[in-house]
Amino acid sequence: MGNRLTPTQVITVNPNDFYFTGTLNGVPVQNIGGSGFQGLTSLAQVQAAVILHELGHATGALPSDANSDTASMGNTATVVKDCF
Ligand SMILES: [Zn+2]
């Protein structure tokens with residue numbers, strides 16, 4: 001049985017980041033090499049991957065990547081590989 005969220009844990013999505021558009025500088029995130037989103041085909045999938053990534057941290061299924069964009073992209077790739 002996996003870890004469970006506790007009532008004090010909060011997941012926040014940055015409203016100014018790519019979550020709502022699926023793009024960075026006009027480029028779909030799944031088209032950005034190394035982003036971890038490769039293989040996804042829709043904004044809904046990108047959004048689901050973002051939420052699953054954050055739930056992975058909250059439950060302890062994914063290691064921390066707070067100080068590393070490379071580690072964050074690797075965690076996203078893990079989510080995409082294992083969940084889509
Ligand atoms: Zn992360």
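Predicted model: local features only at pLDDT ≥ 70, side-chain atom pairs only at ≥ 80, totals over all residues.
**View 1. The whole chain and its elements.** Let's start with the parts list: the chain has two strands and two helices. Starting at the N terminus, they follow one another in the order β-β-α-α. The radius of gyration is 13 Å, close to the 12 Å that the globule rule gives for 84 residues, so the chain is as compact as a globular protein of that length. Along the principal axes, the C-alpha atoms fill a box of roughly 35 × 25 × 25 Å.

**View 2. Contacts across the sequence.** Here we look at residues that meet in the fold although they are separated along the chain. Take the contacts between residues at least 6 apart in sequence: 52% of them join residues at least 24 apart.

**View 3. The largest nonpolar core.** Which residues make up the largest nonpolar core? There are nine: F18, V29, F37, L40, V46, A49, V50, V79 and V80. Two elements, α1 (43-59) and α2 (69-83), each give two or more residues to this core. The largest share, three residues, comes from α1.

**View 4. F37 and its contacts.** Now zoom in on F37, one of the residues of that core. Which residues does F37 touch, leaving aside its neighbours within four places in sequence? F37 is in contact with V29, Q30, V46, A49, T76 and V80. Among these partners, V29, V46, A49 and V80 also belong to the largest nonpolar core.

Technical notes. Residues numbered from 1 in each chain as written. Helix = DSSP H or I, 4+ residues; strand = E, 2+ residues; numbered from the N terminus. Rg over C-alpha atoms; globule rule 2.2 N^0.38 Å. Contact = placed C-beta atoms within 7 Å. Core = buried A, V, L, I, M, F, W, Y, C linked by C-beta atoms within 7 Å. Buried ≥ 20, exposed ≤ 12 C-beta atoms within 10 Å, placed from the backbone.
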